[in-house]
Amino acid sequence: IPFSLFRRRLLLLRIAHGGGNPLLVAAETLNPSSIPAPIALPRRQKDGGGGGGGEERVLISEVAVRGKDGEPLERPELEAAAAAALRACRPNAALTVREVQEDVHRVVESGLFRSCMPVAVDTRDGIRLVFEVEPNQDFHGLVCEGANMLPSKFLEDAFHDRHGKIINIRHLDQVIKSVNGWYQERGLTGLVSYAEILSGGILRLQVSEAEVNNINIRFLDRRTGEPTVGKTQPETILRHLTTKKGQAYNRAQVKRDVETILTMGIMEDVTIIPQPVGDSNKVDLVMNLVERPSGGFSAGGGISSGITNGPLSGLIGSFAYSHRNVFGRNKKLNLSLERGQIDSIFRLNYTDPWIDGDNKRTSRTIMVQNSRTPGTLIHGGDHPDHGPITIGRVTAGIEYSRPFRPKWSGTLGLIFQHAGARDDKGNPIIRDFYNSQLTASGNAYDDTLLAKLESVYTDSGDRSSTMFVFNIEQGLPILPEWLSFNRVTARLRQGYEIGPARLLLSASGGHVEGNFSPHEAFAIGGTNSVRGYEEGAVGSGRSYAVGSGEVSCRMFGPLEGVVFGDYGSDLSSGPKVPGDPAGARGKPGSGYGYGVGVRVDSPLGPLRLEYAFNDKQARRFHFGVGYRN
């Protein structure tokens, strides 16, 4: 092959960053008619090696790096960077076109140059190979379009030390990858779709984020899976979604929305399917919903913690009707009746989990209750001439609750209570068989209007977490005979994982100031207080403090073993309760218990069976459902 053709190939070869995307490598060619006339070749070699495939080699006497105009570069470091990128092109080396082309690619791939053109020049000393390079512009600014979710600080940090320096395409490529990674890590659908260098050293990035075009709700039959007409109002579902029309499509956010809809309790299954909208970057979300039955009747049974004697006296039966989706707006209606040998409770609750027109997720509960419960916690005791005392209460009230900070929620309520004591024949009484008064007013019934404020903190739903509850109740004496008092209570529970075991520490306490009913005193002792004692057997007072610690460990399957210890005290406040019911019954006022137990997980919560000893060397079994208060 004559040197004239080799020279033409060198002149034709030009790798450049051109047009739009600076990451796009384009090849520019020249018209062969513009190539100069052939020049005689003084020296030439033929590649006999296997790698060259018989390509013509030309001996190069000198290799140089120059600017696009053939003049030396203004910045020596750029010339050094281009020279360092060369691998095959060295003085006194015999080169093929392919080897020169590969070195051109290496110069451009260094990221500092917009273009690189090799030019062969005949000189008296031989052929001089000059790489004419065009450096990128200096970086003077960044324009990012379409990045609605990406924090501006993310890109500011990526380019904070680049101002006034040559734009490095390799660095830009790393930034683009990190931007795409930011979207991927957060479950967002977004990427850098276009990049270019504008005049004046301005970088322009175009980010494409998938945008939610519309959210469509479709109800499916729970048996056939076919589309059907749903009972729930679509706006009731949509208001619970954090994903809104016009927002960036966030897979993690959509997953949380699915969980939110399931926690409403009215859906059996929820799926959200994204569907592209034409050629745009928008998606439609199709929400498939399978509704649960709205309501029905149920029956069951349980154990009353206030009755401690008799083989079956603590058993109660229950019958209830519930409707979990009243008017198709997720409002809850519950009616229940519980009946035992002594206990009887009728409840009517109507709850709106999210009040219409409220943007703070405020819920409202209206409740009415009529109950008769054992008075043994405060006024219990064996007496041959008197039967057990029961406490009758008629209660009605309204409560508002809402989350006000992450992990914090609050409740504000107003409750009216009409309560009094009755003997075993149902007759109202004002004193027990120890001559302790049973009401604060001296009448057969005490009337109280309570203003309630409660704050709850929970950091997770498992037992290795923190829970704190603070409650204030104030009796409002709107009428002279209504009771006036202030009651403050607090509960704290903290769990720790210690290898295969779990340590659970809990504490609770409270105080009442003012004129209150004796049966409203704090009862200490029992399954949810100090184990090893009967319910309320440690004491009852205006104040109390109870602490507990237990270590549990999984044994096998759902079975868990527990070792525990409890302590409780009325803080010497027993005599301050009207009538001193604890002193009349000789309750110690403080005590501790310890023991072992087993627990089994169930749909109702842990079933607890515990065997405890107290400081009086007495022992007893305790059975409970759910975690201790």
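A cavity here is a set of points, on a 1 Å grid over the protein atoms alone, where a 1.4 Å probe fits but cannot get out, and its lining residues have an atom within 4 Å of a point. This is a predicted model, in which local features need pLDDT of at least 70 and side-chain atom pairs count only at pLDDT 80 or more, while totals for chains, interfaces and linings use all residues. Residues are numbered from 1 along each chain as its sequence is written, and side-chain values use heavy atoms, with hydrogens and water left out.

The structure holds seven cavities of 30 Å³ or more, a volume being the space filled by probe spheres set on the points. Begin by selecting Thr236, Arg239, His240, Arg329, Asn330, Asp352, Pro353, Trp354 and Asp356, which line the second largest cavity, with a volume of about 60 Å³.

Keep Asp356 and Arg239 selected, for their side chains meet in a salt bridge at 3.6 Å, N to O (a side-chain nitrogen of Lys or Arg within 4 Å of a carboxyl oxygen of Asp or Glu). Asp356 lies in the loop between strands E18 and E19 and Arg239 in the loop between helices H6 and H7, so the pair ties together parts that are 117 residues apart in sequence.

Next select Arg585 and Asp432, whose side chains meet in a salt bridge at 2.6 Å, N to O. Arg585 counts as buried at 16% relative accessibility, as does Asp432 at 7%, where buried means under 20% relative accessible area with a 1.4 Å probe and protein chains only.

Finish with Arg531, Glu550, Asp566, Arg599, Arg608 and Glu610, which are linked in a network of salt bridges.

Notes: 1 Å grid on protein atoms, 1.4 Å probe; cavity = no way out; pocket = protein on both sides within 12 Å on 5 of 7 lines; lining within 4 Å. Helix = DSSP H or I, 4+ residues; strand = E, 2+ residues; numbered from the N terminus. Buried < 20%, exposed > 50% of the residue type's maximum accessible area, 1.4 Å probe, protein only.
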